[in-house]
Amino acid sequence: MRVLVTGASGHLGSAVVPELLSAGHEVVGLARSDTSAAAIEKLGAQAHRGDLSDLDVLREEAAASDGVIHLAFRHDLMVNGDLAGAARADLDALTALADGLAGSGKPLVGTGGTAMLVIGGIVGRPGTEHDTFPGGGYRIDAENFVAGLASRGVRSSIVRLAPTVHSPLDRYGFITAIIAAARRKGYAAYVGEGANRWPAVHTLDAAVLYRLALEKAPAGTRLHGAADEGVPFQQIAAAIGHNLDIPVRSISPAEANDHFGFLGSFAQMDNPTSSAITRELLGWTPTHPGLIADLHEGHYFQA
């Protein structure tokens, strides 16, 4: 299968591309720069120049492919607080990719986040793949768009990723940002009792899930990329404090933005997420270390 992968040179892409190649697929990665192109070619894939704003390129490359995995996202806008702008750019890119695949029966695997379960109002229980929302929230519209492509002859699926995708490949994710905040402040923090839970998944396990979705997810499927159902944030802070040899403290909600920066609200999010349906449907079995074990391997704390 000739697979177009957006975000192929990024954290997750650097695991998804080798996973696809090892399964015998041909991979074309969208590259927004010479540096990205070189990284994609080093992985063993072909590079095609373009970015999420090149809608004609997305449309044409999707039409020329046997399937698409969409990993790219405007994280620069998200970090600067423009969540709405990042979501609009994502939906525009998905629309172009879908135009290239419409009526073909080919797969399109999109990327969402389990945080949308909280935004949608799931409280007090683990969110499941059957939880859906009418729209209007961060990335919810894009997810609903992808699921709806089943009616346009696209074998579409969406992977809701845990906010914590962790491994030695992670250089710019939420865990690295939380560790950086702890280094700056001189202590690791959690909000209140720190009982709020974050789901998590190892990068290499997530890569396998994307391949399985590409190969056999039914049209309109929502999938959960969560190996750890929910790790209490206090445990995450404790592991960071232990590895940095610094104190661990509870802070108030009012102090969260000062300590965590753009992650102030995320650090308070209670987002337990089940992946039981995904595992049964696709035969996905995570095999790599969970979040706390991965933190204690030490790679996040090397200079």
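Guide: What follows is a set of questions about the terms, each answered from its definition.

Guide: This is a predicted model, in which local features need pLDDT of at least 70 and side-chain atom pairs count only at pLDDT 80 or more, while totals for chains, interfaces and linings use all residues. Residues are numbered from 1 along each chain as its sequence is written, and side-chain values use heavy atoms, with hydrogens and water left out.

Visitor: How do you know what radius of gyration a compact globule would have, and what does the protein have?

Guide: The radius is taken over C-alpha atoms, and the globule rule is 2.2 Å times the number of residues to the power 0.38. For 303 residues a compact globule would have a radius near 19 Å, and the protein has 19 Å, so the value agrees with the rule.

Visitor: What makes strand 2 largely enclosed by the rest of the structure?

Guide: Strands are DSSP runs of E with at least two residues, helices are runs of H or I with at least four, and both are numbered from the N terminus. A residue is buried under 20% relative accessible area, exposed over 50% and partly exposed in between, with a 1.4 Å probe and protein chains only. In strand 2 (residues 26-31), 5 of the 6 residues are buried, and therefore the strand is largely enclosed. Of the 303 residues of the protein, 52% count as buried.

Visitor: How do you know that strand 2 pairs with strand 1 and with strand 3?

Guide: Two strands pair if DSSP finds at least two bridges between them. Strand 1 (residues 2-6) is joined to strand 2 by 4 bridges, in parallel, with Val27 as the bridge partner of Val3. Another 4 bridges join strand 2 to strand 3 (residues 46-49), again in parallel, and here Ala31 stands opposite Arg49.

Visitor: Why are strand 3 and strand 10 said to stand at the edges?

Guide: The open sheet has 7 strands in the order 3-2-1-4-5-6-10, with parallel pairing. Strand 3 and strand 10 (221-225) each have a single partner strand, so one side of each is left without a neighbour in the sheet.

Visitor: Why is the unit of strand 1, helix 1 and strand 2 called right-handed?

Guide: A crossover is right-handed if, with the strands pointing away from the viewer, the path from the first strand over the helix to the second runs clockwise. Strand 1, helix 1 (residues 13-22) and strand 2 make a right-handed β-α-β unit, and strand 2, helix 2 (residues 34-43) and strand 3 make a right-handed one as well.
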